[in-house]
Amino acid sequence: MSLEHKFCPLAGDVTVTDGSVISGYASLFGKADQGGDTVETGAYAASLARGRKIKLLWQHDPTQPIGVWDEVREDARGLWVKGRLLTDVARGREAASLIGAGAIDGLSIGYRTVKARKDDKGGRLLSELELWEVSLVTFPMLSDARVAAKGDDPAAAIMRDLAEAFQDARQLMVRG
């Protein structure tokens, strides 16, 4: 079985607190990524209901777990995760430092497609996914979210949120 990966930059939605706790959106519903895939609302529900422990990896490398996801859930916006980087693990310490410095700012999901269909632009609409892991990554494919560390300038976070809202409004006007 091969896993697919979907990358999500972290638009200020993922934060690091106390040097090791991270939380934010790993996937956003209704947003096409650079590969043309769009995850639909509810795509993770069946997978999450099975109760499989979702792995927290470094760059999708199964030999480099760097923490644990304590909470993985869907809400109206997307797939929200909260977990802990294990700072007793060298790569976990490095990840916390890199996020804090802004050098790493992406999340990516590792999944198997269960149900999908083509949209009118040739992209895929992903309606059911079997989620296996959520990784911290350097290069995300979905450009609607970025990571921020605790202590970031609150005004910068507000400006990022405003920019995202304006971008969403502009896209709706173009489609409408």
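Leaving aside neighbours within four places in sequence, L136 touches L57, W58, Q59, I66, L85, A95, I99, I104, G106 and L107. Contact here means heavy atoms within 4.5 Å. The model is predicted: local features need pLDDT of at least 70, side-chain atom pairs count only at pLDDT 80 or more, and totals for chains, interfaces and linings use all residues. Residues are numbered from 1 along each chain as its sequence is written, and side-chain values use heavy atoms, with hydrogens and water left out.

## Core

L136 is also one of the residues with the most contacts inside the largest nonpolar core. That core has 26 residues. A nonpolar core is a set of buried Ala, Val, Leu, Ile, Met, Phe, Trp, Tyr and Cys residues joined through side-chain atoms within 4.5 Å. Elements giving two or more residues to this core are β3 (21-28), β5 (55-58), β6 (61-74), β7 (78-85), α2 (90-101), β8 (106-118) and β9 (124-137). β9 gives the most, with five residues. In general, nonpolar side chains tend to be buried together in soluble globular proteins.

## Fold

The protein chain has three helices and ten strands. Helices (H or I, at least four residues) and strands (E, at least two) are DSSP runs, numbered from the N terminus. Along the sequence the pattern reads β-β-β-β-α-β-β-β-α-β-β-β-α.

Of the 176 residues of the protein chain, 42% count as buried. Buried means under 20% relative accessible area, exposed over 50%, and partly exposed in between (1.4 Å probe, protein chains only). The accessible surface of the protein chain comes to about 9,000 Å². Carbon and sulfur atoms hold 55% of that surface. Accessible areas come from the Shrake-Rupley method with a 1.4 Å probe; for residues, only the protein chains shown count as cover.

A46 and L131 are 85 residues apart along the chain, and their C-alpha atoms are separated by 9.5 Å. A46 is found in helix α1. A46 is partly exposed, at 31% relative accessibility.

## Strand β7

Two strands pair if DSSP finds at least two bridges between them. The β3 pairing is antiparallel, over seven bridges. In it, I22 stands opposite G83 of β7. The β6 pairing is antiparallel too, over seven bridges. There, V72 stands opposite V81 of β7. β6 and β7 form a hairpin, with three residues between them. Six of the eight residues of β7 are buried, so the strand is largely enclosed by the rest of the structure.

## Salt bridges

Nine salt bridges are found in a search of the whole structure. A salt bridge is a side-chain nitrogen of Lys or Arg within 4 Å of a carboxyl oxygen of Asp or Glu. In general, side chains of opposite charge can pair when their charged atoms come close. The table lists some of these pairs.

| Pair | N to O distance |
|---|---|
| E130 and R50 | 2.3 Å |
| E130 and R52 | 2.6 Å |
| E94 and R91 | 2.9 Å |

E130 bonds to R50 in a salt bridge with the closest N and O atoms 2.3 Å apart. E130 lies in strand β9 and R50 in the loop between α1 (45-49) and β5, so the pair ties together parts 80 residues apart in sequence. E130 is buried, with a relative accessible area of 4%. R52 is partly exposed, with a relative accessible area of 33%.

E94 and R91 sit three residues apart in helix α2, separated by about one helical turn. E94 is partly exposed, with a relative accessible area of 38%. R91 is partly exposed, at 28% relative accessibility. Elsewhere, salt bridges that share partners join R50, R52 and E130 into one network.

## Confidence

pLDDT is the predictor's confidence in each residue, from 0 to 100. The protein chain averages a pLDDT of 79, and 68% of the residues score at least 70. Confidence is highest in α1, at a mean of 97. Strand β10 (residues 146-149) has the lowest, at a mean of 45. Over residues 148-163 the pLDDT is below 50. Beyond near neighbours in sequence, that stretch has 15 contacts in the model.
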